[in-house]
Amino acid sequence: MAAYILAIDQGTTSSRALLVRRDGSVAALAQEELPQHFPASGHVEQEAEDIFGTVLRCCRAVLEKAGATACDIAAIGITNQRETTLVWERATGRAIHRAIVWQDRRTAETCAQLEAEGHGALVSARTGLLLDPYFSATKIAHILDAVPGARERAETGELAFGTVDSFLLYRLTGGRTHVTDATNAARTLLFDIHRGVWDDDLLAVFGVPRALLPEVKDCAADFGTTDPALFGGPIPIRGVAGDQQAAMVGQACFAPGMVKSTYGTGCFALLNTGTTPVASSSRLLTTIAYQIGGRRTYALEGSIFVAGAAVQWLRDGLRIISAASESDRLAAEADAGQDVILVPAFVGLGAPYWRPEVRGALFGLTRATGPAELARAALESVCFQTVDLIDAMRADWPDGDTVLRVDGGMTASDFTMQRLADLLGAPVDRPVEKETTVLGAAYLAGLECGFFPPPDVFAGQWRLERRFTPQMLPEVRAGRITQWRDAVGRLIGGV
């Protein structure tokens, strides 16, 4: 009997592979950094071969670490950075352009023009999303127009489009599988989340040929089998979900009203709304949380573009820390009398503002401001942005859970999690298993092949490591949130 699920986590800044046991624990892990390229202001790209190469090497490394072979793997589950866009040749599997990363803002003017032409209402009604360069459709059109002859080749079926999951599936199966799952399809601006199909009206709006598109499947489904040459034998691929939806599954947020927030490069909060898609009045996104057995479950989502990236800025930009873990200690040493506010709009502001043209700023600097105050401001900026998201969710779904389940690298920071509870005025639950995104991908694959139990049983296995409860006085909390929103307002007003 196979002992593991091989879970692939292809993220924005690194690729990872993990072997997951039947009890949900991690048996082995391999990770490799993924280079990013910034060819112009607001442009973020990756090499397609770096994406596939890092994944392949991590998978081979984790098998070697565990002394495992293809026969020991029940199935593969994949989770991925969403919205990142690739177009490749079907014949060779080679990309015709660097991958355009979800953070990229180069198509902001295109989105503004489409909004001005009156397409925003149609896009929102069909997809639950907003006209923003964050999503895939305008990235696809940019690639087709930027590469000579690409549009014509796309029309004749020579080229394929995919988000990262689809590209990996194509390459892992030796070009035999061009598919995606419902959660990734739902992030393209081309997918009708109510009917569960690619939408011809949206394809026309964005100028995307239907011949480019992959088949859409459930999150737990048959996504093909790996080329036997890659791992010494064929391995079935049975689970796929975008990283935030995979984290929701890994956090066992299966009941309507449950909320999770993941802190990686960005921050993404999702509220389960059940089988009914809820249209947001607070500029949140309506999206597919997961699709199992042909049944779609929906979520309200708030997206923050800069979370862990703010700590990377402290390390790589300001050089006031040498490792991300140092930010926790440094922030705790900050002068309580200084109210330094960082609005980390390095690549624009996400939900609920959706202002791609805004750039970051610091407020409240004094001669006494130093590294400790900047570190605190960076960590608090993530908390303030989360407050904006949760307040918007509460406005759209008043009966939502008052407890926030958290995961991702930043949750290791006790300072940040305590400050998050303080500013939310609500408990924050950190699970024992920190690898919730990977666990979600593994669970979907394991569910499909019988390796893992049904969702209700799996939910009962979720374990709490620590609950952070609010300690801040209500009037202090209100004052700090007012300072944050005043800073954001001044920044937006100055554009």
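Predicted model: local features only at pLDDT ≥ 70, side-chain atom pairs only at ≥ 80, totals over all residues.

Reader: Fine. Which strands form the seven-strand sheet, and in what order?
Author: The order is β16-β17-β15-β14-β20-β21-β22. The sheet is open and its pairing is mixed.

Reader: Which strands sit at the edges?
Author: β16 (285–292) and β22 (464–468), each of which pairs on one side only. From one strand to the next, the twist averages 30°.

Reader: How do β20 and β21 pair, parallel or antiparallel?
Author: Parallel, over two bridges. β20 covers residues 404–407 and β21 covers residues 428–431. L404 has V428 in β21 as its bridge partner.

Reader: Which strands does α10 touch there?
Author: Helix α10 (residues 243–250) packs on the sheet against β14 (259–263), β15 (267–274), β16, β17 (295–304) and β20. Its direction makes about 60° with that of β15.

Reader: And α14, what does that touch?
Author: Helix α14 (residues 414–424) packs on the sheet too, touching β14, β20, β21 and β22. The angle between its direction and that of β21 is about 150°.

Reader: Stay with α14. At what angle does α13 cross it?
Author: Roughly 40°, with the axes coming within 9 Å. That angle makes α13 oblique to α14. α13 spans residues 371–396.

Reader: Left-handed or right-handed?
Author: The crossing of α13 and α14 is right-handed.

Reader: Which residues make the contact?
Author: From α13, R376, L379, E380, C383, F384, T386, V387, I390 and R394. From α14, F415, T416, R419, L420, L423 and L424.

Reader: New topic. What is the strand order in the five-strand sheet?
Author: β3-β2-β1-β5-β13, open, with mixed pairing. The edge strands are β3 (26–33) and β13 (237–242). Neighbouring strands are turned by 15° against each other on average, direction ignored.

Reader: How many bridges join β2 to β3?
Author: Seven, and the two strands run antiparallel. β2 is residues 14–20. L18 stands opposite L29 in β3.

Reader: Which strands does α1 lie across?
Author: Helix α1 (residues 48–66) lies across β1 (4–10), β2, β3 and β5 (73–80). It runs at about 150° to β3. On this sheet, α10 packs as well, touching β5 and β13. The direction of α10 makes about 110° with that of β13.

Reader: Over to α4. Why call it largely enclosed?
Author: Because seven of its ten residues are buried. The helix runs over residues 137–146. The buried ones are A137, T138, K139, I140, A141, I143 and L144.

Reader: What covers those buried residues?
Author: The cover includes β6 (85–89), β7 (99–100), α2 (108–116), α5 (150–155), β8 (159–163) and α8 (200–206).

Reader: Last one, R171. Where is it?
Author: R171 is in helix α6, which covers residues 164–172.

Reader: Buried or exposed?
Author: Buried. R171 has 16% relative accessibility, and the cut-off for buried is under 20%.

Reader: What does its side chain reach?
Author: The side chain of R171 reaches the backbone oxygen of G93 at 3.1 Å.

Reader: And which residues does R171 touch?
Author: Leaving aside residues up to four places away in sequence, R171 touches E49, F52, G93 and L230.

Methods
Residues numbered from 1 in each chain as written. Heavy atoms only, no water. Helix = DSSP H or I, 4+ residues; strand = E, 2+ residues; numbered from the N terminus. Buried < 20%, exposed > 50% of the residue type's maximum accessible area, 1.4 Å probe, protein only. Polar contact = N/O pair within 3.5 Å; in protein donor to acceptor, adjacent residues only side chain to side chain. Contact = heavy atoms within 4.5 Å. Pairing = 2+ DSSP bridges. Axes fitted to C-alpha atoms, helices over the stretch in contact; angles between N-to-C directions. Parallel < 35°, antiparallel > 145°, perpendicular 65-115°, else oblique. Left-handed = near helix turned anticlockwise from the far one by under 90°.
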